[in-house]
Amino acid sequence: FGSPKPAARIGSRTLVQIVVDIATAAGLSPVIVVAPSTLEVPGNAEAVRNDAPEQGMSRSLRMGIAAVPPDADAAVILLADQPTVDVDHLHALDGWRGGTPVVATRSDGVLGPPVLLERKGFELVEKVGGDAGLRGLLRANSSLVTAVDHPTVPDVDTAADLHRITEECPGCHARYLPQKLD
């Protein structure tokens, strides 16, 4: 991308801005973004600065959970490289709360983000390390998880991935996310 992946643009917005906007539209509050100090965090989100991202996703995960206000019952973990997640998906996760400490997306039989962590599951972030996030822990401990089936939410890891999930404007040739029409 030539810049940090969350700073990649689709139209006029960065990937991180798109995901923050989706979280806000879903009614999530506060929206906490864990990012290095070199990344601009949208004004409608709270920035938690991770100036050692090379220590892996687990460090960012722990920092984000530590920033969740004490009166919050749960936290939704979203990734900036999944700009096609939608509000209905986040509402579906919320609708399955209560039975287990974790409500996770299951796509093609595989658990992954977005993930909702009940407060009683916050300590799970202390059990992971490196760049794996919660994925391995959740797969190895399925009794902790309520799985919500959902089509795959593609990650944007390369410029080709970004190209695949967007459409070109025929006039200006900028890339945009496809619009769903009612």
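1. Asp94 pairs with Arg97 in a salt bridge whose closest N and O atoms are 3.7 Å apart, a salt bridge being a side-chain nitrogen of Lys or Arg within 4 Å of a carboxyl oxygen of Asp or Glu. Asp94 is partly exposed at 41% relative accessibility, and Arg97 is partly exposed at 33%, where buried means under 20% relative accessible area, exposed over 50% and partly exposed in between (1.4 Å probe, protein chains only).

2. The model is predicted, so that local features need pLDDT of at least 70 and side-chain atom pairs count only at pLDDT 80 or more, while totals for chains, interfaces and linings use all residues. Residues are numbered from 1 along each chain as its sequence is written, and side-chain values use heavy atoms, with hydrogens and water left out.

3. The structure holds eight salt bridges, and Lys5, Asp81 and Asp157 are linked in a network of them. Lys5 meets Asp81 with the closest N and O atoms 3.0 Å apart; Lys5 lies in the segment before β1 (9-10) and Asp81 in the loop between β5 and α3 (87-95), so the pair ties together parts 76 residues apart in sequence. Helices (H or I, at least four residues) and strands (E, at least two) are DSSP runs, numbered from the N terminus. Asp81 is buried, with a relative accessible area of 11%, whereas Lys5 is partly exposed at 27%.

4. Asp157 also forms a salt bridge with Lys5, the closest N and O atoms being 2.8 Å apart. This pair links distant parts of the chain, 152 residues apart, with Asp157 in the loop between β8 (145-149) and α5 (159-165).
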